[in-house]
Amino acid sequence: MGVIDRYAELLPVSEKTPRITLGEGSTPLVHLKNISETLEIELWAKLEGCNPSGSFKDRGMVMAVAKALEDGAKALVCASTGNTSASAAAYAAAAGVPCYVLLPAGKVALGKLAQALMYGATVIAVNGNFDRALEMACEAAEEKGFAIVNSVNPYRLWGQRSGAFEICETLGSAPDWHAIPVGNAGNISAYWAGYKQYKELGKIDKLPRMMGFQAAGAAPLVTGEPCPNPETVATAIRIGNPVSANLAKEAVAQSGGAFNSVTDEEILAAQLMLSSKNGIFAEPASCAPLAGLLKLKKEGKLPKGIRVVMILTGNGLKDPDTAMSQVGRPVEIGDSLEELLEVMKA
Ligand code: AN7
């Protein structure tokens with residue numbers, strides 16, 4: 001069951017809303033035993049890379065596209081650091097509507113670009129950063145009367161609340177800390193709204209601290225100032241002027257949480273640890289929270305024994321270039337058994 005059917009009663013849908021789905025949501029929540037021991041906490045990972053287009057964006061996109069179809073939209077438009085475009089293009093293909101995606105030229109991971117092209121969107125590389133591409137997308141959508149499906153579209157955040165609902169259902173409560181990467185700041189805002197909605201409904205009795213993690217080179221919510229030239233290896237969160245900055249600040253302030261930044265080196269080390277020691281391959285942006293938890297532990301700022309859920313927002317397969325720059329190459333041999341046995345030292 002997709003997000004709309006599973007949570008129809010909690011979302012702004014009516015009988016007129018098309019019940020589209022690509023099977024998004026209901027992603028695994030996995031207890032990470034090894035890293036829990038290292039960090040002396042109870043750490044869980046929500047595997048959002050298991051969504052149909054490989055990222056959390058599908059939860060909100062299914063809602064945004066359903067509402068756009070309900071309103072008779074002729075086409076969809078978005079700007080994206082990659083995952084929003086992959087998701088929009090997928091749902092547009094399934095719905096049979098044209099989709100225009102604006103990407104910062106040369107700054108989108110290969111897998112995401114391949115997805116948008118394969119799903120048949122019109123892909124436009126803008127020689128500017130994401131923040132500028134988003135302004136252009138909004139203006140063009142207005143001009144043409146097309147549906148903008150970035151998180152300026154409120155239905156995106158509605159659908160993304162479903163991640164919080166699922167966590168509460170699986171754990172029976174909210175975690176102590178909710179650790180999440182922050183780019184355009186929609187997801188942290190959506191999760192906070194979702195937890196609050198569940199508390200108001202009496203389904204949970206406490207709320208988590210919202211802990212947002214940004215890349216040091218693109219950390220406007222940590223510095224308190226927009227960042228005119230964002231730069232980070234985690235291209236998904238290479239965003240300098242987050243659209244949902246105010247909602248995110250509110251989430252952090254109301255929950256007693258915090259924003260922290262981590263360097264590219266810390267992000268890549270966390271990514272490698274997660275894959276090589278725990279069997280979970282997440283894209284660089286998704287590993288900012290783990291990098292942050294490791295850093296807070298080192299600084300003595302991670303309380304012992306707390307339950308933490310981190311959101312692994314996107315699949316590692318989306319960015320093969322960054323992964324390959326971190327690891328060795330295959331051991332190449334001829335076709336003899338001797339050579340093979342020589343390699344098998346274990
Ligand atoms: C893997 O695709 O903004 O703070 O255009 O792809 O809600 O923006 C992606 C963002 C985290 C940050 N992790 O979430 C886009 C885009 C991954 C992401 C984020 C993104 P927000």
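**Ligand contacts and helix packing**

User: In this predicted model, how far is an oxygen atom of the ligand from a polar backbone atom of Asn-184?

Analyst: Happy to start there. The atom on the Asn-184 side belongs to the backbone and is polar.

User: Which residue has a polar side-chain atom 2.7 Å from an oxygen atom of the ligand?

Analyst: Let's look at the surroundings. The ligand has 23 residues around it, and the closest are Asn-83, Thr-84, Asn-184, Asn-187 and Thr-313. Gly-186 brings a backbone N or O atom to 3.2 Å from a ligand oxygen. The side-chain atom you ask about belongs to Asn-83.

User: How are helices α3 and α4 oriented to each other, parallel or oblique?

Analyst: Helix α3 covers residues 57-70 and helix α4 covers residues 83-95; their axes are 9 Å apart, at an angle of about 45 degrees. An angle under 35 degrees would count as roughly parallel, so this pair is oblique.

User: How many residues of the contact of α3 with α4 are charged?

Analyst: On the α3 side the contact includes Lys-57, Asp-58 and Met-61, while α4 brings Asn-83 and Thr-84, among others. Seven of the contact residues are nonpolar and three are polar. The number of charged ones is two.

User: What is the handedness of the crossing where α8 passes α9?

Analyst: The axes of α8 (residues 162-171) and α9 (residues 186-200) come within 7 Å and cross at roughly 50 degrees. The two helices are therefore oblique to each other. Their crossing is right-handed.

Notes
Residues are numbered from 1 along each chain as its sequence is written. This is a predicted model: local features need pLDDT of at least 70, side-chain atom pairs count only at pLDDT 80 or more; totals for chains, interfaces and linings use all residues. Side-chain values use heavy atoms; hydrogens and water are left out. Axes are lines fitted to C-alpha atoms, for helices over the stretch in contact, and angles run from 0 to 180 degrees between N-to-C directions. Helices (H or I, at least four residues) and strands (E, at least two) are DSSP runs, numbered from the N terminus. Angles under 35 degrees count as roughly parallel, over 145 as roughly antiparallel, 65 to 115 as roughly perpendicular and the rest as oblique. A crossing is left-handed if the near helix is turned anticlockwise from the far one by less than a right angle, and right-handed if clockwise. A residue is near a molecule or strand if one of its heavy atoms lies within 4 Å of it. A polar contact is a pair of N or O atoms within 3.5 Å; within protein, one must be able to donate a hydrogen and the other to accept it, and residues adjacent in sequence count only if both atoms are side-chain atoms. Contact means heavy atoms within 4.5 Å. Ala, Val, Leu, Ile, Met, Phe, Trp, Tyr, Cys and Pro count as nonpolar, Asp, Glu, Lys and Arg as charged, and the others, Gly among them, as polar.
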